[in-house]
Amino acid sequence: MPTSKGQVSRPAFHFTPQRNWMNDPNGLVYHRGVWHLYFQYNPENADWGNMSWGHATSPDLQHWTEHPVALRYREGEQIFSGSIVASTVNGTEQLTAYYTSAYGDHRQAQSTATSHDGGFTWQLNPNNPVLDRGTSAFRDPKVIRYTNRNGDFQWILLAVEADDRQVLFYASSDLRSWEYLSTFGPIGDEGLVWECPDLFPLAVDGDPECIRWVLVLSTNPVGHDADADGSSMSYFVGQFDGVSFIAETQELTRVDHGRDFYAGVTFDSAPGGEVILLGWMSNWRYATAFPTAPWRGAMSIPRRLSLRVLDGTPRLMQEPPAFVSEHLAKAVPATVFGADPPFSLSLSGHSLIDLRWDPATSGVLRLRLQGDTDSKVEIIHSSTSQTLHITRSGPVLEALHPDFASRSTVELATGGAARLLLILDGPLLEVFVGNGESTVSNLVVPGRSAVTATLETERHTPVTVTSVDLAQSERITTPAALDHSD
Ligand code: FRU
C-alpha cells in the first residue's frame, strides 16, 4: 500500500483543512468583503464522522485562512450540509445558517443558527428543527432569493429527499416560517441518491432579457451494483416561477466530466451578481482511501458560471476565478513544437498551464504529466474524433482502490482554435476545455517533487504555452489556535 507522505503533497492554492476529514462545502457566502467557506468536517480524525461545520475565509478565493469549528456536532446530533444567507433584520446585518440535523435515531430535519459577528460565532435556534418531515433522508437545505416580476421578494429553501430522488421547495418571507411549495423529481436513473441541490438564475448568452434557472444536484450510486464511476454532479436548465421548477429536458447533464467534483454549491451574495460554484474534489467511491495525512479532503478551484447556447441548447460554462487569469497574464507565453521530438516542461506541480493551438493543422495533441511516482495522466485531444480523453493510470493508483484508475471522455465543440487550461495543485488536476464548456476534475498522485509535462503533436505546428508555478508561499495560512504541527 502506498504511503501518504511520499506521494501526495498538500495543495498550495486550494483549500484543505490543516488536519482531519473534510467533505462538502457548506454555507458559502460573501460577507463584509470576505469569502466564507464552511465545510463538512470531522474535528476528531481523518475519516467521515462527528460531522460538524469547519470554517475558512479568503479575501480573494486563492488564499485561505482556517478558523475554529463553527458548528460542532453534539451527542445524538450531527451537523450535515447546508447553506448561509446574509440579511438585515431590524436594521442589523446577520447571517443565517440552514443545516441538516442528522439525529441519532436516523431522522434528518432542517435547523438554523444565526451569527451577528460576521460568521465566527453562532447561536443555535432553540426551536430547532424548523423543518421536519419525520423522514430519514431529508437534507442539504439551500436558501436562495427570488423576486417576481412585480418586485415581490421571498426566500426559497430547497432540500432533497435523497432516497426518493426529489427536491422539495419551500418559501418564506422572514427566514423563520416556511411554506411547502412543490416537489421536483424523481427523474433519471434509479439506484442513486440525490444530494446538495442548488438553484440559480443565469442570463443566456449574457442577455438579461433571457433568464433561465439552473438546478444543480449531486448524485451518488447506492446498492450492491453501484456504478464504478461513483458520485458526480449534474444539472437541469429550466424555468422557476417562485413555486415550481420545470426542466426543459428530462435529462441530467454532467457538470464536470472527471471523477472528483461533488457536492458543489454557489456563494450567496457574491459581488456583481456573479454565480460562483465550489465543489469537493473527491468521490464517495474511494474518498476514505485517498492517502493524505493528517488531512483528508480538498475543495476545487471556485468556478464562475454562465450559460451559453451551444448547438441550440443552453449549456453551463465554467471559468476559473480572476486570480488564475491574473497570474497567467503576468507570464510570458512560449511558442513550442511538440513533433519530433516531443516538448518537455518541468513544473513545480503547483502550476497553471495554458495551451492554445490550431488542431486543424497540428492533428492529435497529447500531453502527459508524470511526477516521481509510477502513475501518470494522459490527455489526448483529437479534433478528428472530436473527443478529449483524460486517463489516470499506474500501479500506485490501482493499489489505492480498484476503481481509482479512470478514463474520462469529453465531446469537443467543432472548429476553431483549441484551448486547454490545466490547474494542477499537488493531487488536484482540473482541466478547463475551450472557453469553459467542459471541465474535467480528478485526484491524481504525481508525488511530491517536480512534475514533467510532455507535449506531443501529430504534425510540426506551434503550440502556445503559458505556465505559472504558484510557489509554496501561496499556501493556506493558519491562525495560531489551529496550528498543530504535522
Ligand atoms: C454529500 C452528503 C450530504 C450530507 C453530507 C454528510 O456528500 O452525503 O448529503 O449532508 O454529505 O457529510
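P129 lies in the loop between β8 (123–124) and β9 (138–147). Strands such as these are DSSP runs of E, at least two residues long, numbered from the N terminus. The model is predicted, so local features need pLDDT of at least 70 and side-chain atom pairs count only at pLDDT 80 or more, while totals for chains, interfaces and linings use all residues. Residues are numbered from 1 along each chain as its sequence is written, and side-chain values use heavy atoms, leaving out hydrogens and water.

P341 sits in the loop between β23 (334–337) and β24 (343–347).

Now turn to the backbone of two other residues. D140 is found in strand β9. Its phi is near 65 degrees, a positive value in a residue other than glycine. D140 is also buried, at 6% relative accessibility. Buried here means under 20% relative accessible area, with a 1.4 Å probe and protein chains only. A263 belongs to strand β18 (residues 262–266). A263 is not a glycine either, yet its phi is positive, about 60 degrees. The relative accessible area of A263 is 0%, so it counts as buried.

D140 leads on to the ligand. Which residues surround the ligand? They are N23, D24, Q40, W48, F80, S81, R139, D140, E195, Y262 and W284. The shell divides into four nonpolar, three polar and four charged residues. In this scheme Ala, Val, Leu, Ile, Met, Phe, Trp, Tyr, Cys and Pro are nonpolar; Asp, Glu, Lys and Arg are charged; the others, Gly among them, are polar.

An N or O atom in the side chain of N23 is 3.1 Å from a ligand oxygen. For W48, a polar side-chain atom lies 2.9 Å from an oxygen atom of the ligand. In the side chain of E195, an N or O atom is 2.8 Å from a ligand oxygen. Taken alone, the ligand exposes 320 Å², and the protein buries 95% of that. These areas come from the Shrake-Rupley method with a 1.4 Å probe. Which elements give two or more residues to the shell? They are β1 (20–31), β5 (77–89) and β9.

Definitions and conventions. Helix = DSSP H or I, 4+ residues; strand = E, 2+ residues; numbered from the N terminus. Buried < 20%, exposed > 50% of the residue type's maximum accessible area, 1.4 Å probe, protein only. Near = heavy atom within 4 Å. Polar contact = N/O pair within 3.5 Å; in protein donor to acceptor, adjacent residues only side chain to side chain.
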